[in-house]
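Please view the sequence and the structure together while reading.

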Amino acid sequence: LKAFVRYVPRDVVKMMLTGSMEAGSVMVRKVVSIMFADIAGFSTLCEQILSEQFMQMMTQYLQAMCEAIVHTRGTLDKFIGDCIMALWNAPQRLRTHERAAVGASLDMQARLVELHRSWSSEGIPSIRLRVGINTDAVLVGNFGCEYRINYTVLGDGVNLASRLEGANKPF
């Protein structure tokens, strides 16, 4: 079970074990806050750092960013390359999900500053984090087929959160 929650959000596992969520493809409309957080210039960074050092850096980065999300009761949806997708208010209800998502974003930026301090002594260049957050009514739940099902969100509100992250590229 301990290993399983590394692949599936902890709250989803708990709900499946208690029978309050089925493993099949079931989605409901719900208002959630969705975040996309992406490293600016990731491809260039990959070329600049040796693979062993790069993996160590990325593990530290993902750990720090995910801690900020989980600390604010967010649900880690997935990693899309270096992009982190997270949501608040699902599967567990969170009244202040909008505030929690923004709070996680600010905490992520602060944690990145701390990482830069430790990385600078190792010759690892600084990175910038772009974030897009949107709150909207979207489909939430298990989506997939007989080969693979993911707990995720779908809809225009998800696409807008992704576009907001991308709109930060000039900054």
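The buried residues of helix 3 pack against strand 1 (27-40), helix 2, strand 2 (75-80), strand 3 (83-88), helix 4 (97-120) and strand 4 (128-144). Helices (H or I, at least four residues) and strands (E, at least two) are DSSP runs, numbered from the N terminus; contact means heavy atoms within 4.5 Å. The model is predicted: local features need pLDDT of at least 70, side-chain atom pairs count only at pLDDT 80 or more, and totals for chains, interfaces and linings use all residues. Residues are numbered from 1 along each chain as its sequence is written, and side-chain values use heavy atoms, with hydrogens and water left out.

Among the buried residues of helix 3 are Met-57, Tyr-61 and Ile-69. After helix 3 comes Arg-73, with a positive phi near 65°.

The structure holds one aromatic pair (ring centres of Phe, Tyr or Trp, its six-membered ring, within 6.5 Å; planes under 30 degrees apart are stacked, over 60 edge-to-face, the rest tilted). Phe-42 and Phe-54 form this tilted pair, 5.7 Å centre to centre with 50° between the planes. Phe-42 lies in helix 2 (residues 42-48) and Phe-54 in helix 3 (residues 51-71).

Two residues differ in burial (buried is under 20% relative accessible area, exposed over 50%, partly exposed in between; 1.4 Å probe, protein chains only):

| Residue | State | Relative accessible area |
|---|---|---|
| Phe-54 | buried | 13% |
| Asp-11 | partly exposed | 24% |

Asp-11 lies in helix 1 (residues 10-18). Leaving aside neighbours within four places in sequence, Asp-11 contacts Pro-91 and Gln-92.
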